[in-house]
Amino acid sequence: MAVTESDVQRTFEVFYRVPRVGQIRLSDGGGPFGFDIHLALLVDELIGTLGCDAICETGCFVGDTTYYLAARYPGLPVHSCDVDPRHVAVTRRRLAHHGNATVTCRDSPRLVAEVLGRRTRPLFFLDAHWGAQWPLEQELELLAACAAAGGAVAVVHDFDIGHPRFSYDSYDGRDCGPGLLAALAHPPQVYFAPRPDGPWPLPCLQTGRRAGAAVIAFGLDDTPLRDHPLLDARTVPAPEPTVPVAR
Ligand SMILES: C[S@@+](CC[C@H](N)C(=O)[O-])C[C@H]1O[C@@H](n2cnc3c(N)ncnc32)[C@H](O)[C@@H]1O
């Protein structure tokens, strides 16, 4: 495994120094990755194991996770965006002293496409939602199409992992879950869910809302993820048959 005890220590030190500014709106009280250090540890495993050369978050809100990522990975470029200029302004101000971070005001699929064009093996934290339009499917389609180029790994936040302790999002009657992956034009065959009872090196101190997450490797050898003790490999289900509309 690429991650060492000192990596875990570093994650711990940076994670719990980030002010939870997102508490002004987020139902989990804010903090990096919804104050779930297991997700920070998982991202560290993915970056180390897969050799990621950049990080891209979609939907920065007021920058709790952006701030953590820029501080934890000073040697990697960190890209983030938001459609709300006020969110971008706050996040930029917080990150003024982190020269590795770039925060832009735009629709997230545009950022995903740009990062895919510029980086070889980026890690994406897909967390853009709340607006009238849910950009996740478009983001995932772009990632699926990149598989032939260099490859990328995505962590989808607020994903239904089928565990009662973990929440997920729904938009217009569609759940952020395996069915959404199945409905993509180029669905992945497999996704990975963090194991709540896995051998995590630190406890998660989030006592409120915890969000499920899915890890998807696009165009990469996912053997290290299949063998990983913190991850559960799951098959993406067949797409729901479409019901013909009566005329
Ligand atoms: C749940 S918050 C993000 C929280 C943040 N990632 C964190 O960890 O603190 C979702 C954000 O996505 C933004 N958003 C919604 N639709 C978007 C889109 N199409 N492109 C970029 N950002 C979007 C919202 O304005 C909001 O700030």
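β1 (54-58), α3 (64-72) and β2 (78-82) each contribute at least two residues to the shell around the ligand; helices (H or I, at least four residues) and strands (E, at least two) are DSSP runs numbered from the N terminus. The model is predicted: local features need pLDDT of at least 70, side-chain atom pairs count only at pLDDT 80 or more, and totals for chains, interfaces and linings use all residues. Residues are numbered from 1 along each chain as its sequence is written.

**Exercise 1.** Describe the shell around the ligand by class.

*Solution.* Step 1: the ligand is surrounded by 22 residues, where near means a C-beta atom, placed from the backbone, within 6 Å. Step 2: the closest are Gly-59, Phe-61, Thr-65, Ser-108 and Ala-128. Step 3: the shell has seven nonpolar, nine polar and six charged residues. Nonpolar covers Ala, Val, Leu, Ile, Met, Phe, Trp, Tyr, Cys and Pro, charged covers Asp, Glu, Lys and Arg, and polar covers the others, Gly among them.

**Exercise 2.** Determine whether the residues of α3 are buried or exposed.

*Solution.* Step 1: buried requires 20 or more other C-beta atoms within 10 Å of a residue's own, exposed 12 or fewer, and partly exposed lies in between, with C-beta atoms placed from the backbone. Step 2: nine of the nine residues of α3 are buried, including Thr-65 and Arg-72.

**Exercise 3.** Explain why strand β5 is largely enclosed, and identify its pairing partners.

*Solution.* Step 1: six of the six residues of β5 (residues 152-157) are buried, so the rest of the structure largely encloses this strand. Step 2: β5 pairs with β4 (residues 122-126) in the parallel sense over four bridges, pairing requiring at least two DSSP bridges. Step 3: β5 pairs with β11 (residues 213-218) in the antiparallel sense over six bridges.
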